[in-house]
Amino acid sequence: MSEGGDIVGLDTPPRLAVDALLDDRGTRIIVCCGAGGVGKTTTAAALGVRAAERGRKVVVLTIDPARRLAQSMGIDSLDNTPRRVKDVSGGGELHAMMLDMKRTFDEIVESHAEGDRAQAILDNPFYQSLSAGFAGTQEYMAMEKLGQLRARDDWDLIVVDTPPSRSALDFLDAPKRLGSFLDGKFIRVLMAPAKVGGRAGMKFLNVGMSMMTGTLSKLMGASLLKDVQTFVAAMDTMFGGFRTRADATFRLLQAPGTAFLVVAAPEPDALREAAYFVERLAAERMPLAGLVLNRVHGSDAGQLSAERALAAAENLEYGGIVDQESGKAGLRDAEDSAGTGSPALAEDSNGDDADDNGNDDVTVDGITAGLLRLHAERMQVIAREQRTRDRFTSLHPEVAVAEVAALPGDVHDLAGLRAIGERLAAGVPAGA
C-alpha cells in the first residue's frame, strides 16, 4: 500500500489487448473457459458483440441453460441453429446459438448411419439416456458443434462459451472420456457376441458370456442390458468416428488460429481453478491469450484507506476520541454552540425532526460515519481481491490479464454487452 493509501499490487501482470485479439483476422476461434459462475457467458457474448461491431462475421456458441444470452441479444430464443442478431452496428455480423446436446448427438447419428439403422439408434432407450445425460456428453457435443461450425466456414470468428462444469478441465477431458467409453473394453465385450457368427457365436455367448451377463443383469437389469447390447450392435460402425472427430477438434484447439481466454472471478477458488487450467493448456500446447478477471471492485476514492475511513467514522460516532479544534468539527461545533449538546436535525414547521420517517436517531454525522464504514469495507474487499490476484500472478507472471469492473446488476440487453466489451478492452476496473 502506498503512503497515500492507494492499493498497489505486488506484481503487475501484462495487460490483455482484447481489441488486438479481436481485430486479428488470424484469430478464428476464441474459447472462453473457466469454472462455473464466473461470467463466461456474458464474456463470450460481449466479445461477440464487440468483434462484430469491429467488422468481424461472428457466431457465438453458448451452453447456458439460463438462456440469458438470447434475452440480452434481443432474440426470443436460441437453439441449435445460428440466428442473426439485429441492431449490431459496424460492418460485421453477429449470430448466436445455444447448444442442444441431444439434437447435436442426433445429427451425428443421422449423418453417419443409414435410415433404418439411424432410426433404430434414435429409438433405443439406452441411446436416449446416453444422449441426454451421460457424464461428459455436453462437453463432447460442444466440441462436436465447434468442429461443425468451423468446417462450414461461414464465419471468420467463432466464440465458444464452454459448459458450466464443476471443473473447468471437464471441457478438455470429457471428449476423451466419452471416446474411451465408446471405444473401451466394456463396449468391445458387448460387441463380441454379435461379431462371432453361427454356433461358435452362440457357444461364446452361452459359455464365455454367461457369468458376465448374469452379473451385468443384476447390476443393470436385464432390460437395460438388452438395450445396451442392441445400441452397441447398431452403433458398431460409428464408434471409431467419435474418437476421430474428437481428436480432430482437439487438434483444431491446438492450432494457431485458436485463442483461449480463461475467465475467473477474484476469489481464491476461481483463480485456483484458473491456474490449473493455465497449466493444463500449456501441457496440451494450446494457445492461451490471457485471463479475464470479472467482477473486480475498484474505488474512485482510493486515496482514503480503510484504516483512515474507520478512524474518521469512530470520531464521528464517538466524539472526543481525537481532539478537534473549533472550525474543524463541522456541524458539531455549530450545534453545540446552540446548546443542543449533540448533533441535531433541522426542524420542520410543526417543530418535529426533519426525518419524516420518525427516526430521531438519524444524524448527518451518523450517515457520514455509515458511508465511511461502507467505504472501508470496499477498500478491504479491493485489498483482498488484489492479494488473490497477486498470488495468481506470482505463479503465472506471463499471463496477460484484463480486469472487468463489478456491475450493480445483470446484463439484460445489447447495450449492456457493449458496456462489458468496453470494460474488457480497457482491461482495468473503474476507479483503479
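Entry 1. I note that the model is predicted.

Entry 2. I then located L407 in the chain. The residue lies in a loop, with β8 (401-405) on one side and α18 (414-426) on the other.

Entry 3. Which residues does L407 contact, leaving aside its neighbours within four places in sequence? I found I420 and R423. I also checked R295: the C-alpha atoms of L407 and R295 are 6.9 Å apart in space, although 112 residues separate the two in sequence.

Entry 4. I turned to strand β5, residues 157-161.

Entry 5. I examined the directions of the side chains in β5. I recalled that side chains in a regular strand alternate between the two faces of the sheet. Here L157, V159 and D161 point one way, while I158 and V160 point the other way. I noted that all of these residues are buried.

Entry 6. I looked for the partners of β5. Strand β1 (residues 29-33) runs parallel to β5 and is joined to it by four bridges. In this pairing I found that D161 of β5 is the bridge partner of C32. Strand β2 (residues 57-62) is also parallel to β5, and four bridges join these two strands. I recorded that V159 in β5 has V60 standing opposite.

Definitions and conventions:
Residues are numbered from 1 along each chain as its sequence is written. This is a predicted model: local features need pLDDT of at least 70, side-chain atom pairs count only at pLDDT 80 or more; totals for chains, interfaces and linings use all residues. Side-chain values use heavy atoms; hydrogens and water are left out. Contact means heavy atoms within 4.5 Å. Buried means under 20% relative accessible area, exposed over 50%, partly exposed in between (1.4 Å probe, protein chains only). Two strands pair if DSSP finds at least two bridges between them.
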